[in-house]
Amino acid sequence: MAGTGFGGPMDLGTSEAETLERTPGGPEGTGPREKPRSLWSDAWRDLRRNPVFIVSGLVILFLVVISIWPGLITSQSPLQCDLAKAQEGSQPGHPFGFDGQGCDVYTRTVYGTRISISVGVLATLGVAILGSLLGGLAGFYGGISDSLLSRLTDIFFAIPVVLGGLVLLSVVTSNTIWPVVGFMVLLGWPQISRIARGSVITTKQNDYVQAARALGASNSRLMLRHITPNAVAPVIVVATIALGTYISLEATLSYLGVGLKPPTVSWGIDISSASAYIRQAPHMLLWPAGALAITVLAFIMLGDAVRDALDPKLR
């Protein structure tokens with residue numbers, strides 16, 4: 001029967017064809033398909049469902065906000081002190097009490113967030129940039145440059161971090177954060193460098209890199225378009241975890257008297273000052289030490305969540 005417009009075979013075939021066009025995937029999956037997700041989109045989807053990432057991210061967001069605008073939660077100055085109230089406990093308007101100089105512990109704890117976050121972020125950026133650049137180039141070109149970098153990193157790994165800080169920072173008289181940041185970058189880049197080197201060596205052996213090279217892609221194009229986007233994930237994971245370590249290291253050096261120095265407001269300085277009064281006034285030590293522990297833990301938890309999301313072996 002010919003198609004008559006009254007339900008004949010031709011009309012049935014047309015109807016089936018229209019149905020197949022509207023059906024996702026078409027017959028046997030030959031129609032339009034969902035666009036494949038990349039590593040980063042899959043990682044972001046996993047992170048949004050990870051409660052560890054959500055909790056740590058909210059804590060870090062809060063710390064960043066108060067480090068930029070401490071006046072949002074306190075209206076006092078961290079340098080405004082009253083010796084008549086030295087070592088006194090909690091009072092109305094002063095929930096954390098006072099330190100040995102009569103300064104408000106709550107206000108100093110809030111303002112100490114700015115220094116810790118600034119040192120951690122700047123040190124992490126410096127270490128990530130320098131380490132990734134040196135390690136990536138050495139892993140890509142290999143040869144003598146790779147050998148020299150490997151021996152150089154061995155030398156830096158042999159230097160104890162705290163001992164190196166005591167030696168190098170003891171001769172610095174500046175009260176700014178830059179000597180401390182520079183020291184962390186100087187001794188921290190070898191770790192990121194090795195991670196970047198190994199990741200680049202693994203990535204450049206993939207088929208898509210070899211195909212791009214065979215098609216005449218230059219070394220700069222290979223590094224920027226094909227290798228770096230696929231080799232940067234391990235660097236991001238290690239750098240995120242290391243950020244919390246650098247915050248802890250700054251507090252350690254300040255506690256030992258070679259990091260930041262008064263009148264700079266730092267958790268490490270406050271912990272050092274409070275350690276002599278831990279029995280008479282434990283609140284002086286409790287609050288800055290607790291803030292330091294929560295901050296470091298938040299960044300470590302964030303790094304673990306990012307690692308789980310970016311590691312394909314855990315999928």
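The side chain of Thr203 reaches the backbone oxygen of Ser199 at 2.7 Å, a polar contact (a pair of N or O atoms within 3.5 Å; within protein, one able to donate a hydrogen and the other to accept it, with residues adjacent in sequence counted only if both atoms are side-chain atoms). The model is predicted: local features need pLDDT of at least 70, side-chain atom pairs count only at pLDDT 80 or more, and totals for chains, interfaces and linings use all residues. Residues are numbered from 1 along each chain as its sequence is written, and side-chain values use heavy atoms, without hydrogens and water.

Thr203 lies in helix 7 (residues 178-203); helices are DSSP runs of H or I, at least four residues, numbered from the N terminus. Thr203 counts as buried because its relative accessibility is 5%; buried means under 20% relative accessible area, exposed over 50%, partly exposed in between (1.4 Å probe, protein chains only). Beyond four places in sequence, Thr203 touches Tyr208, Val209, His226, Ile227, Asn230 and Ala231 (contact: heavy atoms within 4.5 Å).

Helix 11 (residues 267-274) is mostly covered, with 6 of its 8 residues buried. These are Trp267, Gly268, Ile269, Asp270, Ile271 and Ala274. Their cover includes helix 4 (105-141), helix 10 (233-256) and helix 12 (283-310). At the start of helix 11, a side-chain oxygen of Ser266 comes to within 3.2 Å of the backbone nitrogen of Gly268.

Leu163 is found in helix 6. Leu163 counts as partly exposed because its relative accessibility is 47%.

Key: Helices (H or I, at least four residues) and strands (E, at least two) are DSSP runs, numbered from the N terminus.
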